[in-house]
Amino acid sequence: EYTTHQSLDVLEERLKNYGFMRVQRSYIVNLNMINEIVPWFNNTVGIKLTGFSNQVIPVSRQKVSQLKAIFEF
C-alpha cells in the first residue's frame, strides 16, 4: 500500500508496461503477485495476491476478459 498525490489514472499509465493492471476502479495490481483467481458474483472474478490470501480484490466485469486472456482460464 502506497500513499501518493497522483491519480490512479496517472499511475495506471505509468505502470501498464511493467506487469501491472488496473482490475477495478480502486485497484492496480502486480500481475506477478496474483496467487489465485476465484469465482465472484455476476460473472466476475476476484483475485488473491501472494501474501494477502485472506483478502479478495474484485475484478470489474470490463476487465474479466482481459484477465482471462492473460492467464488463459
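Biologist: Let us take buried as under 20% relative accessible area, exposed as over 50%, and partly exposed as in between, with a 1.4 Å probe and protein chains only. On that scale, is asparagine 43 buried or exposed?

Modeller: Asparagine 43 counts as exposed, at 76% relative accessibility. Please note that this is a predicted model, in which local features need pLDDT of at least 70 and side-chain atom pairs count only at pLDDT 80 or more, while totals for chains, interfaces and linings use all residues. Residues are numbered from 1 along each chain as its sequence is written, and side-chain values use heavy atoms, with hydrogens and water left out.

Biologist: Where is asparagine 43 found?

Modeller: Asparagine 43 is in the loop between E3 and E4. Helices (H or I, at least four residues) and strands (E, at least two) are DSSP runs numbered from the N terminus.

Biologist: And what is the phi of asparagine 43?

Modeller: The phi of asparagine 43 is positive, about 60°, although the residue is not a glycine. Most residues other than glycine have a negative phi. In the hairpin of E3 and E4, asparagine 42 also takes a positive phi, near 55°. That hairpin has five residues between the strands.

Biologist: What about the hairpin of E4 and E5?

Modeller: The hairpin of E4 and E5 has two residues between the strands, and glycine 51 there takes a positive phi near 90°.

Biologist: On to the sheet, then. In which order do the strands stand?

Modeller: The order is E3-E4-E5, in an open sheet of three strands with antiparallel pairing. Two strands count as paired if DSSP finds at least two bridges between them. E3 and E5 are at the edges with a single partner strand each, so one side of each has no neighbour in the sheet. From one strand to the next, the twist averages 30°. Axes here are lines fitted to C-alpha atoms, for helices over the stretch in contact, and angles run from 0 to 180 degrees between N-to-C directions.

Biologist: How many bridges join E3 to E4?

Modeller: Five bridges join strand E3 (residues 34-39) to E4. E4 and strand E5 (residues 52-58) pair over three bridges.

Biologist: Which residue is the bridge partner of isoleucine 47 in E5?

Modeller: Isoleucine 57 is the bridge partner of isoleucine 47 in E5. Isoleucine 47 is also the partner in E4 of isoleucine 37.

Biologist: Is E4 mostly covered or exposed?

Modeller: Strand E4 (residues 45-49) is mostly covered, with four of its five residues buried. H2 lies across E3 and E4, and H2 runs at about 130° to E3.

Biologist: Which residues form a network?

Modeller: Asp9, Glu12 and Arg22 are linked in a network of salt bridges. Arginine 22 and aspartate 9 have their closest N and O atoms 2.7 Å apart. Arginine 22 lies in strand E1 (residues 20-24) and aspartate 9 in helix H1 (residues 8-15), so this pair ties together parts 13 residues apart in sequence. For glutamate 12 and arginine 22, the closest N and O atoms are 3.4 Å apart. That pair, too, links distant parts of the chain, 10 residues apart.

Biologist: Is arginine 22 itself buried or exposed?

Modeller: Arginine 22 is buried, at 14% relative accessibility.

Biologist: What does lysine 16 pair with?

Modeller: Lysine 16 meets glutamate 13 in a salt bridge at 3.0 Å, N to O. Lysine 16 is partly exposed at 45% relative accessibility, and glutamate 13 is partly exposed at 48%.

Definitions and conventions. Salt bridge = Lys/Arg side-chain N within 4 Å of Asp/Glu carboxyl O. Contact = heavy atoms within 4.5 Å.
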